[in-house]
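I opened this notebook to record what I looked up in one structure. The entries follow the order in which I consulted it.

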Amino acid sequence: MSSPKYAPLLLSNTIGPASDGFVVAEWQDAGGPEGEKRLIAPLHLHRHDDEIWYVLEGELRVLVGDEEIAARVGSAVLAPRRTPHTYWNPGPGRARYLLVMTSNIFSLIREIHATEDRSPPKLRALFEKYDSELLG
């Protein structure tokens, strides 16, 4: 499968080689009840990979280590390798964002989305397969 070099509409697509380098994906979260903390990803870390979020619309809350960051439109947040992190949409409205990640993280996310068994043991094994660790 060749990697796209141009994505006229990035939403639901990625750009960048899935086998080498980095990948950029535009994703969104529809939002939910005010005050409810619905994690988009569980608390985890990547041993050798950094991850960046860039907010296009709405707001994301990103927990990086012990610091909770409110990332609004135009903000970017870096989760350095070996740093526990998670993120969520704190509001009832849509949050739309770019996720800049290594091909390793992208492969992990693809495999998580493809699996029906999301039990803690299965997810822990998937994270380990991609040199990451599911925490908590």
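I counted two residues as in contact when heavy atoms lie within 4.5 Å. I also noted at the outset that this is a predicted model.

**Entry 1: contacts of Tyr87**

With that cut-off I asked which residues Tyr87 touches, not counting residues up to four places away in sequence. I found Leu39, Ile40, Ala41, Trp53, Leu60, Arg61, Val62 and Tyr97.

**Entry 2: nonpolar cores**

I then turned to the largest nonpolar core, which has 19 residues. Tyr87 is listed among those with the most contacts inside this core, together with Trp53, Leu60, Val62, Val77 and Met101. I next asked which elements each supply at least two residues of the core. They are strands S2 (22-29), S4 (51-57), S5 (59-64), S7 (76-79) and S9 (95-102), and helix H1 (103-114). S9 gives the largest share, four residues. Apart from this core I recorded another of seven residues, including Leu108, Leu126, Phe127 and Leu134. As general background, nonpolar side chains tend to be buried together in soluble globular proteins.

**Entry 3: the five-stranded sheet**

I looked up the order of the strands in the open sheet of five strands. The order is S6-S5-S8-S3-S10, with antiparallel pairing. Strand S6 (67-72) and strand S10 (132-134) are the edge strands, and each pairs on one side only. On average, neighbouring strands of this sheet are turned by 25° against each other, direction ignored.

I went through pairings within the sheet in turn. S5 and strand S8 (residues 85-88) are antiparallel and joined by four bridges; Val64 has His85 in S8 as its bridge partner. S3 and S8 are paired over three bridges, again in the antiparallel sense, and His44 stands opposite His85. S3 also pairs with S10 over three bridges in the antiparallel sense, where His44 has Leu134 as its bridge partner.

**Entry 4: pairings of S4**

I asked how many bridges join S4 to S9. There are six, and the two strands run antiparallel; Tyr54 stands opposite Leu98 in S9. S4 also pairs with S7 over four bridges in the antiparallel sense, and Ile52 stands opposite Leu78 in S7.

**Entry 5: the helices**

I examined how H1 and H2 are placed. Their axes come within 9 Å and cross at roughly 155°. Angles over 145 degrees count as roughly antiparallel, and H1 and H2 are therefore roughly antiparallel to each other. The crossing of H1 past H2 is right-handed. On the H1 side, Leu108, Glu111 and Ile112 meet Leu123, Leu126, Phe127 and Lys129 of H2. Leu108, Leu126 and Phe127 are also among the residues of the seven-residue core.

**Entry 6: positive phi values**

Arg82 has a phi of about 65° and is placed in the loop between S7 and S8. Arg82 is exposed, with a relative accessible area of 55%. Asp131 has a phi near 55° and lies in the loop between H2 and S10. Is Asp131 buried, partly exposed or exposed? I recorded Asp131 as partly exposed, at 25% relative accessibility.

Technical notes:
Residues numbered from 1 in each chain as written. Predicted model: local features only at pLDDT ≥ 70, side-chain atom pairs only at ≥ 80, totals over all residues. Heavy atoms only, no water. Core = buried A, V, L, I, M, F, W, Y, C linked by side-chain atoms within 4.5 Å. Buried < 20%, exposed > 50% of the residue type's maximum accessible area, 1.4 Å probe, protein only. Pairing = 2+ DSSP bridges. Axes fitted to C-alpha atoms, helices over the stretch in contact; angles between N-to-C directions. Parallel < 35°, antiparallel > 145°, perpendicular 65-115°, else oblique. Left-handed = near helix turned anticlockwise from the far one by under 90°.
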